[in-house]
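Please keep the sequence and the structure in view while reading.

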Amino acid sequence: DTILFCSEPYIEDYGTGKEKIAASDVYNFCKKNSLKLIIKLHPKEDVSKYKEFEGINVKILKEAALTELMQKCALTISMTSMVLIEGAILHLPILSYQPSETNPDNFILTKQKVLPFINNYIDLCKYLTDIVLNRQPLEYNFDINFDAKEKIANFIRGEICQS
């Protein structure tokens, strides 16, 4: 199984951020459980940011067809990325991991209780064990109840939307 971690450029944008902590925690779980990890960089990030994680079971990608990659992986993890919103719309397995964050309202999917608010390594390991190792479906409360749902999903998938 492969876990996809989509990084965010907090360090690049604000000079500080917890994306490397999040990536490290996901990496440690993957290493301990012999899982593959793909770290997908944000366009503002350089491959050297995560060079300490490079190895046989870890790929660091600067460019990739993200939706296809998400569909191939057992789970996509990010902090507060739009990637997670895209995954929710497509009903893909996603998880928001916000290390040491105290306020679930800082990300719309945790604020609206679409996704669980995971802010520590112990809870992260519990969810990853359940979802990836034990193959329990991730239950999240997200449903779009309007006519444009399929058009949005098709647009995200890159399909041509016809009226």
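Are Tyr27 and Phe53 buried or exposed? Both Tyr27 and Phe53 are buried. The model is predicted, and the values below are computed from it. The chain holds 7 helices and 5 strands, and 42% of its 163 residues count as buried.

**Overall make-up**

- Read from the N terminus, the elements follow the order β-α-α-β-β-α-β-α-β-α-α-α.
- The accessible surface of the chain is about 9100 Å², and carbon and sulfur atoms account for 50% of that surface.
- Of the contacts between residues at least 6 apart in sequence, 52% join residues at least 24 apart.

**Strand pairing**

- Strand 1 (residues 2-6) pairs with strand 2 in the parallel sense over 5 bridges, with Leu4 opposite Ile38 of strand 2.
- Strand 2 also pairs with strand 3 (residues 58-61), in the parallel sense and over 4 bridges.
- Ile38 has Lys59 as its bridge partner in strand 3.
- Strand 2 (residues 36-40) has 4 of its 5 residues buried, so this strand is largely enclosed by the rest of the structure.
- Strand 1 is joined to strand 4 by 3 bridges, and the two run parallel.
- The partner of Phe5 in strand 4 is Ile77.
- Strand 4 pairs in the parallel sense with strand 5 over 3 bridges, where Ile77 stands opposite Leu95.
- In a regular strand, side chains alternate between the two faces of the sheet.
- In strand 4, Leu75 and Ile77 point one way while Thr76 and Ser78 point the other way, and all are buried.

**Helix 2**

- The 14 residues of helix 2 should span 20 Å at 1.5 Å a residue, and the end C-alpha atoms are 20 Å apart, which agrees.
- Buried residues in helix 2 are Glu19, Ala22, Ala23, Asp25, Val26, Tyr27, Phe29 and Cys30.
- The packing partners of the buried residues of helix 2 include strand 1, strand 2, strand 3 and strand 4 (75-78).
- Helix 1 (10-14) and helix 6 (121-133) are also among the elements against which these residues pack.
- After helix 2 comes Ser34, with a positive phi near 55°.

**Aromatic contacts and a charge over a ring**

- The count of aromatic pairs comes to 3.
- In the pair of Tyr27 and Phe53, the ring centres are 4.9 Å apart and the planes stand at 40°, so the pair is tilted.
- Tyr27 belongs to helix 2 (residues 19-32) and Phe53 to the loop between strand 2 and strand 3, so the pair ties together parts that are 26 residues apart in sequence.
- Tyr27, Tyr50 and Phe53 form one aromatic cluster.
- Elsewhere, Lys126 lies over the face of Tyr127, at 4.9 Å from the ring centre.

**Loop residues**

- Glu63 sits in the loop between strand 3 and helix 3 (66-72).
- The relative accessible area of Glu63 is 72%, above the 50% cut-off, so Glu63 is exposed.
- Between the C-alpha atoms of Glu63 and Leu41 there are 7.5 Å in space, and the two are 22 residues apart in sequence.
- His91 is in the loop between helix 4 (82-89) and strand 5 (94-96).
- A relative accessibility of 43% makes His91 partly exposed.
- His91 and Leu138 are 47 residues apart in sequence, and their C-alpha atoms are 9.9 Å apart in space.

- Most residues other than glycine have a negative phi.
- Ser100 is not a glycine, yet its phi is positive, at about 65°.
- Ser100 is placed in the loop between strand 5 and helix 5 (108-111).
- Lys113 is not a glycine either, and has a positive phi of about 60°.
- The loop between helix 5 and helix 6 holds Lys113, which counts as exposed at 66% relative accessibility.

Conventions: Residues numbered from 1 in each chain as written. Predicted model: local features only at pLDDT ≥ 70, side-chain atom pairs only at ≥ 80, totals over all residues. Heavy atoms only, no water. Buried < 20%, exposed > 50% of the residue type's maximum accessible area, 1.4 Å probe, protein only. Pairing = 2+ DSSP bridges. Phe/Tyr/Trp six-rings, centres within 6.5 Å; stacked < 30°, edge-to-face > 60°. Lys NZ or Arg CZ within 6 Å of the ring centre and 35° of its normal. Expected span 1.5 Å × (residues − 1). Contact = heavy atoms within 4.5 Å. Areas by Shrake-Rupley, 256 points an atom, 1.4 Å probe, with all protein chains shown as cover.
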